[in-house]
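Thanks for making the time. I will go through one structure, contact by contact, and you can follow on the screen.

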Amino acid sequence: MMRTLSFVFVLVLGSSYAMAGDLSALRGTFADPPREYTSGPLWVWNDLLTEEQIVSTLHDLASQNVRQAFVHPRPGLMTPYLSEDWFRLWKKALETAEELDMNIWIYDENSYPSGFAGGYVPEAMPESRGQGLVIEQAAAAPAWADDFVGVYAIKDGGVINETARVRDGASLPEGRYIIVRTALAGSSPWFGGWWYVDLLRPGVTQKFLEVTMDAYAREVGDAFGKRLPGVFTDEPHLKPGGDYHWTPDLPKVFEARWGYSLLDNLPSLAKPVGDWKRVRHNYYHTLLDLFTERWAKPCHDYCEAHGLEFTGHYWEHGWPGSTSAPDNMAMYAWHQRPAIDILFNQYSEDVHAQFGNTRAVLELASVANQLGKARTLCETYGGAGWETRLEDMKRIGDWIYVLGVNTMDEHLSRISMRGARKADYPPSFSYHSPWWEAYHVPATYFARLAAALSHGKQVNDILVLEPTTTAWMYQGDGRHQELLGKTFQDLVVQLAQAQVEFDLGCEDIFTEHGRVDGDGFVVGERTYHTVVIPPMTENLNAETVALLEDYVANGGLVYALAEPEYVDGLESGRVAKMATSDSWKNIEREAVLATLLDVPGDIRVRRAEGDAGILYHHRRQLSNGQILFLVNTSLDAPSRGAVEGVNGEVFVWNAEDGTVALYANGGEKVPFDLPPAGSLLLQWGENLSIDGTVAPAAAESPLAAAGPMRIEREKPNALTLDYLDITCQGEALERTYYHKAAEFVFQKHGFDNNPWDHAVQFRDQFIAMTFPEDSGFTATYHFTVQGAVPVDLKAVVERPDLYTITCNKKAVTATPGAWWFDKSFGVIDLAGAVQEGENTLTLVAAPFTVFHEVASAYIIGDFDVQTAGKGFVVTAAGERSLVPWKAQGMPLYGDSVAYTQTFDIAAPAPAYRVTLPSWYGSVAEVIVNDQSAGYIWCQPWQRDVSGLVQEGENTVTVRVIGTPRNTMGPHHGNPAPGLAGPGHFRVGPEDGPPPGDAYSTLGYGLFEPFQLAPLQAK
C-alpha cells in the first residue's frame, strides 16, 4: 500500500567508484539519526534569564527531536553578555544538554555582525573603529581637512594626485577635482553604543578572539569538541563606514603586492578614470587576501586548535557586489563547516534573493565538494513570518538540502516574547507556536535527510567558473554589475533545473587548491573534465589562466561563452591564444544547455514534456552505491519524469518514518511523480533488508458520515488590543499604536528609543539604571462588549507583576501560575469587572523600570470577535461552520479547531486513509477512535489510518492547527506574506485602530468535510 507520506528517494546505483561511506552503515544511521544530524536552531537568549528558563526550553526542543542549539544573544537580552551570570547559564545549558543528549554551540557575537564582541573590542581598542572611503567630486580645489586621504585633479580622462600640494596649502587652478576622505563607522545602539570594527586592522581579530573565545575556553572549554561542537559567526563584513573599505596599512600592502601606488589611483575605485579596471581588481583582490589572512584564517585556526568547528556565514546575497565580502566562496574555505543563510518565504530566483537563490546554495555545496567538507549548514526560515506552515518548512528545507545543505539551523527559537521580541523576524521554533506539538515530524524528517546527504560524496564532472573577479572591475557601476549578476544567475538556475550536474569554481580557491592532472582540472578533491566560462566574463586571475593553459594543452575541454581579455585587470592576449586550441570551444548562450546535457554521464534525470514543476536533484556516491534526492520546489504544480541509465531493484527510503521499501523492479527508466513541494529519496544497487513494498493504492469512494460534523474551537478566542491611551510625565497620547506608545514612554525616561528593540545592551548599562519614585506611566486599553458579557472573560498582560491593574476602575490581579502564549504573559480574570458596552483595562507603572515595555494586551475567552468601525467588538459565541475562522468570529484566533465526524462501518476494509480536500493551516492532526494517527503536513494532504478503523461506530477528528499570525501580526500596512521583520510591526495608523476588516489576517480552517475512504491495491 502506498503511504501518503512525502518520500525521499535515495537511488543507490551500482557502481565500482570507490567512495567513503557504506549503505548498510547509513541504513542504521538513517533509521535513528544521532544528535549531530538533528537540526539546531538559533536559541535566542533575550531577557533577564533564569536557569529554569534554560532547562525548560531545552526540554521543549528535545521533546520535538531538536537536539542541537546555538546560543544566540539577541536584542532584548538583559543578562549581561559574557558576564559571570552569562556563563552560569551556559554551564546549566551544558549540564542539561548532557542529560538530554544534545549539542550546544557558541554564537560568537552579541547579535551581529561578528567582530565587535558586544562592544568589548571597541572599548579595549578604540583604534579598532571601522572606516571607509567616500569619493566625491568638487568644482574647485578644497582646503585640506583632517579626514582627507587624497585630492585629485581631473584632466584628459585621467587624474593627477594633488594631495601633497593641497596639504601644503598651495593654490590650485580652477577645475574639477575628486576628493577622497575617510568616514568612520557610526556609533549605534545596535553596537551597544559603540561601533563596528575594522576586521582588517592587525590585532582586531586577535582581541575579538581573546575577549570572546578565550572566555568560553576558560569557562566551558572542557566541553569543546564534545557537547560543544563549534562556533557560529554571523555576517562579519568590510563595510563599517563609507563606500570602500579602508585600513591604515592598505596602501603599503597594495603596493607590495601589485607594484604601484594605490594612493595615486583611489579615484579609479569610483570613477572610470585611469586604469580603473586594473585598480578595482587589484583593490578587491587585496581586500580578500587581508580578510582571509586577518579574519577568516585566525578564526579557523583557533577553532582547529581547540577541537571546534568554525561555521556561520557572510553576506552571500550581495553578490556580485563585493564591498561586504570580496568573495564569499573564498571565505567558505576557512570554515570547517561552511554555511549560508536562506531567510524569508518568498520564492525568487533573483541574484539577490533568499529562498530561491540557487547560486548562493551551490556556491556553498561546491566548496564543500572540492575541499572535502562533509557537513554544511544553513540558517533557515528567519523572517518568514508567524504564518509559516510546516509545508513551507518542508518546501524550503527540501530545496536547500537538494542543493547541498545538510545541517538545518532554524532562525529562531526564542526564550521570551515580551515587548519588541515577538517582532524579531518570526517565526519562533518554540512552545509559542501552536504547531510546535507536531514539529518532531519535520525535525525527524530533516535529521534523516541530513544523515543520508552527509554520507558519500557528490561528484560532478562540470566546473562553471564564477565571474567574481570580473565583478570586481565593475564595483560602482551598478548597471553593468547587476547585468553580470543576472546573466550568471540565469545560467546557474537554467542548468540546475535542467538537471545538469556541475560545481561552481572560485578563482581564489584555485590558487591554493587547483592543479592539472592530464585532461582533468583539479580543485582539491574534485577533478573536472569540462570547464565552462560564463557569459560576460572579462577577467581571470593570473593563477587561473596558468592552470587553464596547462589544462587546455593536455586536451582539457573548455566551453566558453565569453573570451576574457583581462588577466588580473590588465589587458592580455593569453586567453585568446588558448582559444585557438581544439579543446577550447566557443559556444553561444543559446547552445549551452544542449551542449552540457550531451556531456557523458552514467545517469540522467529527465523531466516529462511540459513539466510545470520546479525540479532539482542531488546525487551522492558511496562505496557500494549512490544516493539521488529529487525535489519539486513548486507549491502549485507537480513534477514528473524519469531517471534513466540505472539497473537493478530500486528502493525508497522514507525520511518520515525511517523505513526502506521496494519501489521498482528495475529497467532503463525509473519514473517519479512528485506532488507540489514533494520529494523522493531512492536507493538502488546493493540490496539491503527492506521493510516492505511500495504498492500504489487507489481510494474507493469516501464513506458517508453518520450525522452532522461537530466543530469545536479548542482554545480561548483572542482579541488583540494594539491601541491604547498613554499618559507619562504630564503628557497624554490617545488611541496610540502600541509601538509608538512604547517609544514614547522610554523617551520620557531619557532614552532615545526602546532599548530592547533592535539594540544591544553593553555590560549592564540598562538593567543597572534606576528611576525616581514619581516616574512611570499609565496605559489604558479599550474594548467593547456587544450584548451580554461572556462569563469567562480574561485579560492577558505582559509581566502583570510590574503593574497595578484595574478594569473599569475595579482592581484585578493575575491568576498565579496562569499564562497564555508566553510564560511571562499573565492571565487576569475579569469576572465581575466587565460591563456591556465600553470597557477599560488600565495599567499603572510606578516607578518606571527598564522592564516596562508597553505592548499589546489581549482579551481571551469563549466569545466571538466581530469587526467594527474602530477595531473589533466582543460578542456572544456563535455556531462554527466550514468557512475560514476569520469569517466566523475568530479573525485574530490562531490556535486549533477540531472537526469531528462519525462513520458506521459494518465490515472494515484492510486499509483506510483520511484526505483533506480543502483546508488551510500549519498542520492537521488526525485522531481515530481517540488514537492519534499522526499529522498531515504536506501534499497530497492525506494520512493513512489503517489499523485504527474498527467495526461499528468510528469517531474521526481532524484538528486544524493555525499559526500566531492573526493574533500577533503584523496587522497593518498590507504586509506581504512570507516576510516579517521588526519594521513591519512598527506600522500602525495614526488615528486610532482602523476598521477591523482592515486588519491583515489569513483565512485558516477546514472548508470542505474531510474524507475517510477505504483503499484498494491496484
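The side chains of Arg337 and Glu309 are joined by a polar contact of 2.9 Å. This is a predicted model, and that distance, like the others in this talk, is computed from it. Where does Arg337 lie? Arg337 is in the loop between helix 10, residues 328–332, and strand 11. Is Arg337 buried or exposed? Arg337 has a relative accessible area of 5%, and the cut-off for buried is under 20%, so Arg337 counts as buried.

For a position to look at on the screen, take Cys378, which stands opposite Met408 in strand 13.

On to cysteines. A disulfide is a covalent bond between the sulfur atoms of two cysteines. How many disulfides does the structure hold? The count is 0 disulfides. Take Cys506, which is in no disulfide: the nearest cysteine sulfur belongs to Cys299 and is 19 Å away. The cut-off for the sulfur pair is within 2.5 Å. Cys506 is also buried, at 2% relative accessibility. Another cysteine, Cys807, has a relative accessible area of 0%, so Cys807 is buried.

Next, the aromatic rings. A pair of aromatic rings is described by the distance of the centres and the angle of the planes. The count for this model comes to 57 aromatic pairs. I will show two of them.

One is Phe70 with Trp105. The ring centres are 4.8 Å apart and the planes are at 25°, so this pair is stacked. The pair links distant parts of the chain, with Phe70 in strand 2, residues 68–73, and Trp105 in strand 3, residues 103–107; the two residues are 35 residues apart. Phe70 counts as buried at 1% relative accessibility, and Trp105 is buried too, with a relative accessible area of 1%.

The other is Phe116 with Phe191, and this pair is edge-to-face, with 4.9 Å centre to centre and 85° between the planes. Here too the pair links distant parts of the chain, 75 residues apart. Phe116 is in the loop between strand 3 and helix 4, at 120–124. Phe191 is in the loop between strand 7, at 177–184, and helix 6, at 204–211. Phe116 has a relative accessible area of 0% and is buried. Phe191, at 12% relative accessibility, counts as buried as well.

Rings also come in groups. One aromatic cluster is formed by Phe746, Phe751, Trp756, Phe766, Phe771, Phe777, Tyr803 and Phe848.

Last, charges over rings. Which ring does the charged end of Arg167 sit over? The ring is that of Trp144, and the charged end is 4.7 Å from the ring centre. Arg257 lies over the face of Trp258, at 4.3 Å from the ring centre.

That is the tour. I can go back to any of these on the screen.

Note on methods:
Residues numbered from 1 in each chain as written. Predicted model: local features only at pLDDT ≥ 70, side-chain atom pairs only at ≥ 80, totals over all residues. Heavy atoms only, no water. Buried < 20%, exposed > 50% of the residue type's maximum accessible area, 1.4 Å probe, protein only. Phe/Tyr/Trp six-rings, centres within 6.5 Å; stacked < 30°, edge-to-face > 60°. Helix = DSSP H or I, 4+ residues; strand = E, 2+ residues; numbered from the N terminus. Lys NZ or Arg CZ within 6 Å of the ring centre and 35° of its normal. Pairing = 2+ DSSP bridges. Polar contact = N/O pair within 3.5 Å; in protein donor to acceptor, adjacent residues only side chain to side chain.
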